[in-house]
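Good morning, everyone. Please have a look at the model on the screen, and I will walk you through it.

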There are 2 protein chains.
Amino acid sequence: MEGRERNAADPAGPVALDAMGGDYAPQATVAAAIEVAESGIDVILVGPEEILLEELDRSSADGSRRGRDGVASRHVRGNKPQGSLSIVHAPEVVSMGDDPLSAVRRKRRSSVAVAAELAASGEAVGMVSAGSTGAAVAASVFKMGRLAGIQRPGIATVIPFPKRPLVLIDSGANVECDASHLLDFAVMGALYSSAVFGLEKPRVGLLNIGSEDAKGAAVHRRAYRVLAEAAKGPFADTFEFFGNVEGHDLPEATVDVAVTDGFTGNVVLKLCEGLARALIAEIVTSITRHTEGESQRGAIQALLDLRSSVNADGAGGACLLGVGSLAVIAHGSAKAESVAKALRFAASERAAEMQSRIATALEELHRSSRRSAKS
Amino acid sequence: MEGRERNAADPAGPVALDAMGGDYAPQATVAAAIEVAESGIDVILVGPEEILLEELDRSSADGSRRGRDGVASRHVRGNKPQGSLSIVHAPEVVSMGDDPLSAVRRKRRSSVAVAAELAASGEAVGMVSAGSTGAAVAASVFKMGRLAGIQRPGIATVIPFPKRPLVLIDSGANVECDASHLLDFAVMGALYSSAVFGLEKPRVGLLNIGSEDAKGAAVHRRAYRVLAEAAKGPFADTFEFFGNVEGHDLPEATVDVAVTDGFTGNVVLKLCEGLARALIAEIVTSITRHTEGESQRGAIQALLDLRSSVNADGAGGACLLGVGSLAVIAHGSAKAESVAKALRFAASERAAEMQSRIATALEELHRSSRRSAKS
């Protein structure tokens, strides 16, 4: 953590973790919480108390001295700062099969809803969930509210392409979007890119099926005009509009931010993960046939390095942008390592700054657009 | 060409080539036509006569004995069968910037429209275009008509994933689709897969953002039901419905055919091309750093082999399915080699069989569905 006002030994507050979210919960979530607590991050485990206590017990039975002792207490062992682990009881769980919207409405005390509530109230600096994306989005929107001027919060994912990482927004929150939603995504994606990668005026592209402005469906043609106008007018300092980008442009660092609906974005994101995995596996097989000895080990090592660098899971989680607090959505198949990365990101000053810069910028933009509408 | 009734020395007829279509036309198209004619395939070059004659002259000035002599004549040199090259004059050209639909309507004597007409009338066995996809689709639909029961012809592309090639349909003809169009694609994609890959009952998946049947937008939920019912009822012998597939499933040989709208399909196709290129380039760099000498050469060779196997252009072209004749759409950036592949495919017995099997099957299905609707 690169702290200015805040550092690992003195975090601003705990991160709320939906301890029941994800394919490997609660094992992976509890293990991740224990791991990051050791590096000084406070974590609130949210879920059914009995299940979580049992899981903590099991973890401590693995030979560590953690477990129940670690709950709701803060240890300092030697010079190593250690964060606290606490539990907030949430008896219900939203499963992958549930309809997200109605499940979050119906199960008011679900782990994901309570985690979002803790972040919304300020008791936590943010929330992390590896559960149903739809449920995490719905819970965040309900509990945290939306930022000024934002109709549709969107998920920003960083895809670690070899040349340069790309911010893809929306990668799954909204299956259908109109042009004004795509403008929201452009603005938030650019602010995110500025805050996380330090870019001054990120280049934003509209994902489409051709470079010409008349390509795509009616929504893309409208969005092209709306984005082009916004980049010349009210958002001139926020982003530069590159125009349309196509599928093959995404890995080429043509733009810093690619804007699309959540359906296309989700397909793109998962295809990148799957194709990188498939190609690297194929290349390992092929290299093994063509080389031997020391050089083979070199080649395989090169591939393993690449695999870990292109593993989209490496970022630990995507951010739901446009809601009132920090919401980090980890991969449903996240194991402890990935959940730990998401927790570290959520606890970082960079994340807090990103969230506050987006909130401030949107507030200002909203105010000035209301002023200009009145004049 | 694997001929049963037909073979290279005795083709059923010429292929009509939109000689002005594509980024590298007419150089690449004329060069491709000359190349395949040498292996016994008859080609009709369609475009402005003067331009094409000039290009043929230029090609013959390159030291070959082709050129004007080759036009509208058939040579047999020794035992090597040689096809004929002829020109059909089409004075107009549809460019990438034109609105496809109105351009095809307005420019009645454009190269793409005349090429489609030749295939429709039977003067050619099929047409090949590397020009604007929208124009090739519009010209094919106008000139060739649609097959029985098909509302929306769709483009079937074979993506050469390392594990197994995948048929993706629609990869760009229709930016917006409803559930019944997606059913058309499923049926045609399965028939294509059967004809080209010899699969008895291909597995068809619906591209979506989750595996559960309630995932996606309303159109995907409807399509899920329509496809599931069709695979149990009238199309029980044609395909098996696997259910939803996600982006990461595509390279994993989970299904033989993936069905989606032309917007998502086009993004998927281009992303696969771009990502494979980017990853392989990155790995070459990385391998060069980690290895040396003989083994480095081995590793690089392995990568080059893989690159040519995953180059989507390798197939030479995609087929527009659901129109009355064979329409092969090559990549806009196709060079002579790719156009030649598309011409060879269009002239092959496999392509003719595929087209006729789809036409026959749709005719039968349409007839039996009308019968069952009456009873």
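This is a predicted model: local features need pLDDT of at least 70, side-chain atom pairs count only at pLDDT 80 or more; totals for chains, interfaces and linings use all residues.

One definition before we start: strands here are DSSP runs of at least two residues, numbered from the N terminus.

Is it buried or exposed? Val158(B) counts as buried, because its relative accessibility is 15%, and the cut-off for buried is under 20%. Which residues does it touch, leaving aside those up to four places away in sequence? Pro165(B), Leu166(B), Val167(B), Tyr192(B) and Phe197(B). Now a distance. Ala113(B) is 45 residues from Val158(B) in sequence, and their C-alpha atoms are 25 Å apart.

Next, the sheet around that strand. In chain B, 11 strands form an open sheet with mixed pairing. The order is S5-S2-S1-S6-S13-S12-S7-S8-S11-S9-S10. S5, residues 85–89, and S10 of chain B are at the edges; each has a single partner strand, so one side of each has no neighbour in the sheet. From one strand to the next, the twist averages 25°.

One pairing in detail. S6(B), residues 126–129, and S13(B), residues 326–329, run parallel and share four bridges. Within S13(B), Ala327(B) is the residue opposite Met127(B). On the sheet packs helix H8 of chain B, residues 262–290. H8(B) touches S7, S8 and S9 of chain B, and its direction makes about 25° with that of S7(B).

Over to chain A. How many helices and strands does chain A have? There are 11 helices and 13 strands. Of its 375 residues, 57% are buried. The chain exposes about 15300 Å², and carbon and sulfur atoms supply 47% of that. Now take the contacts with a separation of 6 or more: 72% of them join residues 24 or more positions apart.

Chain A has an open sheet of 11 strands with mixed pairing, in the order S5-S2-S1-S6-S13-S12-S7-S8-S11-S9-S10. Its edge strands are S5(A), 85–89, and S10(A), 240–245, each pairing on one side only. The average twist from strand to strand is 25°.

Look at the S10 end. S9(A), residues 203–207, runs parallel to S10(A), with five bridges between them. Val204(A) has Phe241(A) in S10(A) as its bridge partner. Two helices to point out here. H6(A), residues 179–197, packs on the sheet and touches S7, S8, S9, S11 and S12 of chain A. Its direction makes about 150° with that of S8(A). H8(A), residues 262–290, also packs on the sheet, touching S7, S8 and S9 of chain A. Its direction makes about 25° with that of S7(A).

On to the cores. The largest nonpolar core has 72 residues. Among those with the most contacts inside it are Leu45(A), Tyr192(A), Leu321(A) and Met354(A). Which element gives the largest share of this core? H6(A), with 12 residues. Take Tyr192(A): beyond residues up to four places away in sequence, its contacts include Ala156(A), Val158(A), Cys319(A), Leu321(A) and Met354(A). A second, separate core has 71 residues, including Leu45(B) and Ala347(B).

Now the aromatics. Over all chains, the search finds four aromatic pairs. One of them is Tyr224(B) with Phe241(B), an edge-to-face pair. The centres are 5.2 Å apart, with 75° between the planes. Tyr224(B) sits in helix H7 of chain B, residues 218–232, and Phe241(B) in S10(B), 17 residues apart. Phe241(B) counts as buried because its relative accessibility is 14%.

Arg221(A) is in helix H7(A), residues 218–232. It is partly exposed, at 32% relative accessible area. Arg221(A) touches Asp213(A), Ala214(A), Lys215(A) and Gly216(A), again not counting residues up to four places away in sequence. Its C-alpha is 9.8 Å from that of Asn244(A), 23 residues away along the chain.

Finally, Gly122(A). It sits in the loop between helix H4(A), 111–121, and strand S6(A), 126–129. Gly122(A) counts as exposed because its relative accessibility is 55%. Ser39(A) is 83 residues from Gly122(A) in sequence and 22 Å away in space, C-alpha to C-alpha. Thank you.

Terms used. Residues are numbered from 1 along each chain as its sequence is written. Chains are lettered from A and ligands numbered from 1 in the order in which they are written. Side-chain values use heavy atoms; hydrogens and water are left out. Buried means under 20% relative accessible area, exposed over 50%, partly exposed in between (1.4 Å probe, protein chains only). Contact means heavy atoms within 4.5 Å. Accessible areas come from the Shrake-Rupley method with a 1.4 Å probe; for residues, only the protein chains shown count as cover. Two strands pair if DSSP finds at least two bridges between them. Axes are lines fitted to C-alpha atoms, for helices over the stretch in contact, and angles run from 0 to 180 degrees between N-to-C directions. Rings of Phe, Tyr and Trp (its six-membered ring) pair if their centres lie within 6.5 Å; planes under 30 degrees apart count as stacked, over 60 as edge-to-face and the rest as tilted. A nonpolar core is a set of buried Ala, Val, Leu, Ile, Met, Phe, Trp, Tyr and Cys residues joined through side-chain atoms within 4.5 Å.
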